[in-house]
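Please examine the sequence and the three-dimensional structure shown here before reading on.

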Amino acid sequence: MQTPARAIYFDGRTSVRRAVDLAFEPDAITLLEQGAAVAVWRFADLRRADAPRDLLRLSNVAAPELARLEVHDRGLARAVLDRVGPLGATAGSRVGARRIVFWSLAAALSVVLIAAFGMPLIADRLAPLVPVSFEKRIGVAVDKQVRSIFGGRTCETAAGKAALQKLVDRLAGAVGAPMQLDAAILSSAVPNAVALPGGRIYVFDALLRKAETPDELAGVLAHEIGHVAHRDGMRRMIQAGGASFLIGLLFGDVAGAGVVLTIANELVNAS
């Protein structure tokens, strides 16, 4: 038996942290607590357990499953390894690692499946139940993002705004829109239009330049008003926002900071 050296011992039955001395035998390590032997760990039974780089943590296949011996001193750790020889990982560590990988992949797959297939179904059920007043408040936040995407330049000519609003009101009355509609001309080189949650409709000025008759403009506006009447903007917002939040959780954006911007981009790209 050689000179004892200090280590930390967990017996696997309690959570008590026990300071022990290590005494090296020809084929085993004797664990001494205040001079009394509390365990004998044979070299053949030792396995290396997961631990930080500066810590040697050993388990014992002949001891309780949770029993551990921790050696913090590098010199002592090297002395243990020199006597024990190469150590494999514990079966529990390998199984634990496989379980972590399996359940992590399963969780990631479930999030992706919910985002791809579950959110559209959820959005279809929830959109008609959202109060119009709440949708309008959400629309204000989305409107700010849409304006920032296009530089925020809108037509402020009173006569033009009045003419557009008159056309929108006439079309909305024909379909029975569930909310008051607010139309505006937004500067963009894309000949298109977009309906946001809450009843805001933007017509891009490139569409005005491309339209050859008022009926062509009315047709586009009727299409966007149909989105408002069926609350498609709210439905797509729930779907895009929910999917964005789930993917954010998967990659660490637990606050969902990118959800509103994602919703705005989805609405613009879908128009």
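Predicted model: local features only at pLDDT ≥ 70, side-chain atom pairs only at ≥ 80, totals over all residues.

Residues are numbered from 1 along each chain as its sequence is written, and side-chain values use heavy atoms, with hydrogens and water left out.

The account begins with the interior. A nonpolar core is a set of buried Ala, Val, Leu, Ile, Met, Phe, Trp, Tyr and Cys residues joined through side-chain atoms within 4.5 Å; buried means under 20% relative accessible area, exposed over 50%, and partly exposed in between, with a 1.4 Å probe and protein chains only. The largest such core has 21 residues, and those with the most contacts inside it are Leu22, Ile29, Leu31, Trp41, Leu69 and Val80. At least two residues of this core come from each of β1 (5-10), β2 (18-24), β3 (28-33), β4 (36-42), β6 (56-60), β7 (68-71) and α1 (74-84). Here helices (H or I, at least four residues) and strands (E, at least two) are DSSP runs, numbered from the N terminus. With 5 residues, α1 gives the most to this core. A second, separate core of 17 residues includes Ile138, Val142, Val146 and Phe204.

Contact means heavy atoms within 4.5 Å. Leaving aside neighbours within four places in sequence, leucine 31 is in contact with residues including Tyr9, Val20, Leu22, Trp41 and Leu69.

Two of these partners also meet each other. Rings of Phe, Tyr and Trp (its six-membered ring) pair if their centres lie within 6.5 Å; planes under 30 degrees apart count as stacked, over 60 as edge-to-face and the rest as tilted. The structure holds 1 aromatic pair. Tyrosine 9 and tryptophan 41 form this edge-to-face pair, 6.0 Å centre to centre with 80 degrees between the planes. The pair links strand β1, which holds tyrosine 9, to strand β4, which holds tryptophan 41, 32 residues apart. Tyrosine 9 and tryptophan 41 are both buried.

Attention now turns to two helices. The helix α6 (214-229) has 16 residues and reaches 22 Å from its first C-alpha to its last, close to the 22 Å expected; the expected span is 1.5 Å times one less than the number of residues. Among the buried residues of α6 are Leu217, Leu221 and Val228. Its buried residues fall within an arc of 130 degrees seen down the axis, so they line one face of the helix; the arc is that of the directions from the helix axis to the C-beta atoms. These buried residues pack against α4 (158-175), β9 (193-195), β10 (200-204) and α5 (205-210).

In α4, the buried residues are Leu164, Gln165, Val168 and Ala172. They lie within an arc of 100 degrees and therefore line one face of the helix. On the other side of α4, Ala159, Lys166, Arg170, Gly173 and Ala174 are exposed. The buried residues of α4 pack against β8 (182-186), β10 and α6.

Finally, the backbone deserves a remark. Most residues other than glycine have a negative phi. Glutamine 34, in the loop between β3 and β4, has a positive phi of about 55 degrees. Arginine 231, which follows α6, has a positive phi near 55 degrees. Glutamine 34 counts as exposed because its relative accessibility is 82%, whereas arginine 231, at 11%, counts as buried.
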